[in-house]
Amino acid sequence: MPAAPPARPGGSIPSRLLQPVLLLAVMWAARILDDLLPYDANRELGIQSWAWEGLDGILFSPVLHGSWAHLGANTVPFLALGVLVALDGAGRFWGVTAVIAVFGGLGVWLVSPPGTITVGASGLVFGYFGYLLVRAFVAPSLGHGILYALLAIGVAAIYGTSMLAGIIDAGAGVSWQAHLFGGIGGAYAAVLLRPRRIRRAPAPPG
């Protein structure tokens, strides 16, 4: 009986693509519950700057949104960029997401005016963008580096202008801090979680 093929590192392609869909489903479920329940999840579970009790928002704030319009604005870029990250593997997707959430959340907590409540997945969106740009520089091989660079160019062409505007011209009520520190967190995740470079074994002496 032939042996079963080894499991693909990072999971099969469908399982990888499912990861950002699952996280997006949590965001939509949280928004529905926020409408149905009298509990103000955004105020209680969002990042409240400079308040110790607001630190738990680092965990919860990425799945919370202030309105359906807020969630709708984040849905398409989150899914588009999240899928590109998830193609690197299910575990890597969650690792990158965790690094962005922690780094970006701490930046928001420290830099935003005291008492500011921050929620939303835009920090993750900017983080995925930063990860995809920097990933080309830490690729495990030249072939991967070229592929990642081409993807980075495409991502920058589509989202670069809006990402830059989201930091330097965010507008009232929009957290440029979440965008900036999310992007930095994504770049840091690319370096921190970079795969080992592929090294070829030396050829035996002839």
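Trainee: Where is the place of Trp50?

Mentor: Trp50 sits in the loop between strand S1 (47-48) and H3. Before we go on, note that this is a predicted model, in which local features need pLDDT of at least 70 and side-chain atom pairs count only at pLDDT 80 or more, while totals for chains, interfaces and linings use all residues. Residues are numbered from 1 along each chain as its sequence is written, and side-chain values use heavy atoms, with hydrogens and water left out.

Trainee: What makes something a helix or a strand?

Mentor: Both are DSSP runs: H or I over at least four residues gives a helix, E over at least two gives a strand, and the numbering starts from the N terminus. On that count, the protein chain has 8 helices and 2 strands, in the order α-α-β-α-α-α-β-α-α-α along the sequence.

Trainee: Why is Trp50 called exposed?

Mentor: Its relative accessible area is 57%. Exposed means over 50%, buried means under 20%, and partly exposed is in between, with a 1.4 Å probe and protein chains only. So Trp50, at 57%, is exposed. Trp50 also has a positive phi of about 65°, although it is not a glycine.

Trainee: And why does Leu124 count as buried?

Mentor: Leu124 belongs to helix H6. Its relative accessibility is 4%, so Leu124 goes in the buried class. Across the protein chain, 42% of the 206 residues are buried too.

Trainee: Which residues is Leu124 in contact with, leaving aside its neighbours within four places in sequence?

Mentor: Contact means heavy atoms within 4.5 Å. Leu124 touches Leu23, Met27, Pro62, Phe78, Thr97, Ile100 and Ala101. Take Met27: it is 97 residues from Leu124 in sequence, yet their C-alpha atoms are 12 Å apart.

Trainee: Why is H6 described as largely enclosed by the rest of the structure?

Mentor: Because 11 of its 13 residues are buried. They run from Ser122, Gly123 and Leu124 through Val125, Phe126, Gly127, Tyr128, Phe129, Gly130 and Tyr131 to Leu132. The partners they pack against are H1, H4, H5, H7 and H8.

Trainee: How do you know that the span of H6 agrees with what its 13 residues should give?

Mentor: The expected span is 1.5 Å times one less than the number of residues. For H6 that should be 18 Å, and its end C-alpha atoms are 18 Å apart, so the two agree. H5 does well too: its 22 residues reach 31 Å, close to the 32 Å expected. Helix H1 (residues 13-36), with 24 residues, reaches 35 Å and is close to the expected 34 Å.

Trainee: Where does H1 bend?

Mentor: At Gln19, by about 25°. A bend is the angle between axes fitted to the seven residues ending at a position and the seven starting there. A proline, Pro20, follows within four residues. Gln19 and Pro20 are both among the buried residues of H1, as are Leu23 and Met27. The buried set of H1 packs against helix H2 (41-45), helix H4 (68-86), helix H5 (90-111) and helix H6 (122-134).

Trainee: What makes a space a cavity, and what makes it a pocket?

Mentor: On a 1 Å grid over the protein atoms alone, a cavity is a set of points where a 1.4 Å probe fits but cannot get out, whereas a pocket is an open set with protein on both sides within 12 Å along at least five of seven lines; lining residues have an atom within 4 Å of a point. Volume is the space filled by probe spheres set on the points, which are joined across faces, edges and corners. The structure holds 1 cavity of 30 Å³ or more, with about 160 Å³ of space in the largest cavity. Its lining has 18 residues, with Ser61, Pro62, Gly120, Gly123 and Ala178 closest to the centre. H5 gives the largest share, 5 residues.

Trainee: What is the volume of the largest pocket?

Mentor: About 520 Å³. Its lining has 23 residues, and His70, Ser122, Val174, Ser175 and His179 lie nearest the centre.

Trainee: How many residues of each class does the lining of the largest pocket have?

Mentor: It has 11 nonpolar, 12 polar and no charged residues. Here Ala, Val, Leu, Ile, Met, Phe, Trp, Tyr, Cys and Pro count as nonpolar, Asp, Glu, Lys and Arg as charged, and the others, Gly among them, as polar. The lining of the largest cavity has 9 nonpolar, 9 polar and no charged residues.
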